[in-house]
Amino acid sequence: MELLKDVLDHINFIGAVALFVIGLYTVVTHSNLIKRILGINIMGTAIFFFFIAVGNVLEGAPPLIDPDGNSEVVFINPLPSVLILTGIVVVVSITVYSLSLVVRIYETYGTIDQKEIAAIQKGEDYSD
Amino acid sequence: MKKKFIASIFILLFVVLVYSIMQMPAGVGVDSLAYSESTEYYIENAASETGVTNIVAAILTDYRAFDTLGETIVLFTSIVAVVSVLRPDKKYEEGERHE
Amino acid sequence: MIEQLPIVNLLLLLLTALVIPLFKKKNFKVTLSLNFAVLLIVWSISVYLLYYVNTEGAFYYRFGNYHPMIGLELLIDPFSTLITFFIMTMVLLIFVYSTSDASDGIHQREYGRYYILMFILLFSMYGIIYTNDLFNKYVFMEILSITTCSIISIKRKKQNYAAAFRYVMLNEIGSLSYLFGVALLYMVTGFTNIELVGQQLETVWQTHPTNIIIAIGFMIVGLGLKAAIFPFHIWLPDAHASAPSSSSAILSAVVVKVYLMVFVKILFRVYGIDILDALNIPSMIMMVGAVGVVMGSFFAIAQNDVKRMLGYSSVAQIGYIVIGIGLASYVGLSVAIFHVFSHGMMKTVLFLSVGAVIYQRKTRLITSFNGIGYLMPISMGAFFIAAIGMIGIPLTSGFISKFNLGIAALEGGSGVYIIVLIASGILNAIYYLPIIIAAFLRDNPEKQTVLSKDKVPILMLAPIVIISLFIVGIGLFPNGLMTLIEQAVNTFKV
Amino acid sequence: MNDIIVRSITRIVIPFVMLYGIYIVLHGHISPGGGFSGGALVGSSLILYTLVFGVDKARKKFSHRVSEIAESGGILLYLFVGALGIILSGSFLSNQSAGFPMGELGSLLSGGVIPILMIVIGIKVASTMISLFHILIEEEK
């Protein structure tokens, strides 16, 4: 029973780590380039979820001070929310860049499968 | 066979991570280690120091404004990077583009 | 006024990157001269900062005058000024080279974007080395990874796109595991400022060790992926084989070193020596470095494409620096930083001279190098100096770093690594000497044995000659640089 | 996609989506949201316009020149505000210590530099989203 309560306390972090490992697995094993980009997105979301879980406060209100009444409201930790705002934009721009690379790879190689690309590359040497 | 081997490595990684997370402090309240004095400082002084009620906006654009500058540069770089990959000028006939 | 200089550096680099797209329509010479002027100004500011910090002492630059617990800050100390000085000298010389060699596959229209990316790359490297905040370092590392990938993929060839894509994926895994380490550290300390986290970790190490162990693991893997340390080096040779020679010079001589310096900064400032020893991480790092040195040289022997071979030899030389870091001693760190300088110079000369060979002979296969010494005496001469430096023959900076590394290993009680040093010296000889012998002793297809000047623009040869003179110069009189390095290593509590 | 129903509905919906996005950007420092989410909303309204009316008409609304100026101009404004901090109080990006008018808590013009920076972030996010979408769409031609 003690273990169950312990697991329930850590459930957010376990979920984040599960997502992280799933994302890592997708990036490492899948040969389709789009799936690998998806894996990166899953990993990014997992880490931002972990950040928020770290900054979470039970029954904490969103960090907005109401100007007139200085009521004693417990706020959540605002810093992780700021960090993941920045992190989300970073993962978005990495995804856009890799998607544009996939468009170009499909145009030049005719395929977006890593194994086929490696086969084609082994076929001819690099010419300037 | 190879796929199962890789899959088992990842399951092992997951088990190790979950095991170590169980040892981590799950304090999800005001007393948790992450709720350090810097967080208390933000909550108490954000209104007076920056004159703004949304603490997240205060941190984003005043306390850690250099982070957000880095952020806008990431956005600018992603545009230049995508343009350098996707914009072959010979295909682009619509008049003289800016460069 | 002095303490505003770091921000002036950052703003100058950023402003040129923003201004280039706005007025690029006029002839391109104006942009190039402006870019060069800005680089010179920033270089002189970095030199002045290096002088100022070594005489007056380190200072902080706090944004908005907030306490470091609240706001962000830049730490300007002997270590960061030394590394930024190294970055700017290398990039300045590579910039001179790239103005004329940019025709290596980059279209005339692409020049503007190439230089925007190069300036943002410089801005992010300066930011990474200056900043004293873990999350801010992550944001700059992301900018650096996008710009390095796009200077690889700017050359419109299919190998570049595939190499750039693989680089983005591995780089992204590296950054995200670094961020995971930062999250774990934030979970336990509540700060993201490097020094504050370092102080907190001493107390937290007793109560919550698992957090720190997992955070160290993820950060080492993350930065190892980005710095191409041996088991995670897969992307480096492909990136080098296809990238334009000036970007692969920047990539392997400068960008990889920046990640290694972040690696040093985090290991010795955030975690500190006692946590490292408790987990005996230094010996693990040394083993990884030693394996990297040997395996990197093995792979380099099997290559026939010169640039790919240079990529693998970079992986081997990074193994050296990692051994230096792994020694975790005062001497070990100063050898590692010295090797950052000497490898940076040697690798730049190798890449730029190979770029000159490709520019003139349009070939990169090692088999077609015979007799080039007569056709291109200057660049092959520089190649010769850098190659004997890599092997570690005396009179070059390579020898100094190998020699000191041997002494440091002996002092550190792990003498076995001397065998690795000797073995790698031999392996380097195995794959560099054939090229030199082919270039100077065999006769070239045109049967021309009289020395004729390289048919390569002077702007490309000047940096090659300057750096090779530096290699020999520092090899003969290293103590000038050594004192600067000792000042830098003093800032770590090793 | 030139179905008459879709075209007329988007012609009605787009101004309100954009208005709501601008509202979120302007009230970023009082209510939740801010530069990032408001900019994304404004960006998505123009992307909806591009989807429905095609990229050529959208290019008239948001031409290359405008996207160029928005990109570089956004950061230049940010740096200008930061440089003001240096001139007034000796450190980059400082707000209250640089003597900007703080306004009273909770009002629209409170917080000195913060609303300006929020607007800059909003412009940047919106123009980046739109330009990226246009570049990717023009790729098919």
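This note goes through a predicted model point by point.

1. Residues are numbered from 1 along each chain as its sequence is written, while chains are lettered from A and ligands numbered from 1 in the order in which they are written. Because the model is predicted, local features need pLDDT of at least 70 and side-chain atom pairs count only at pLDDT 80 or more, whereas totals for chains, interfaces and linings use all residues.

2. Where chains A and B meet, 38 residues of chain A and 36 residues of chain B take part, two residues being in contact if their C-beta atoms, placed from the backbone, lie within 7 Å. On the side of chain B that touches chain A, the elements giving two or more residues are α1 (2-23), α2 (37-50), α3 (55-63) and α4 (65-86) of chain B, helices being DSSP runs of H or I with at least four residues, numbered from the N terminus.

3. Helix α6 of chain C, residues 158-189, has 32 residues and reaches 46 Å from its first C-alpha to its last, close to the 46 Å expected at 1.5 Å a residue (1.5 Å times one less than its number of residues). Of these 32 residues, 31 are buried, so α6(C) is largely enclosed by the rest of the structure; buried means that 20 or more other C-beta atoms lie within 10 Å of a residue's own, with C-beta atoms placed from the backbone. Just after α6(C), Gly190(C) takes a positive phi of about 80 degrees.

4. Leu132(D), in helix α4 (residues 114-138) of chain D, is buried, with 25 other C-beta atoms within 10 Å. Leaving aside neighbours within four places in sequence, Leu132(D) contacts Val96(A), Ile79(B) and Val82(B).

Key: Buried ≥ 20, exposed ≤ 12 C-beta atoms within 10 Å, placed from the backbone.
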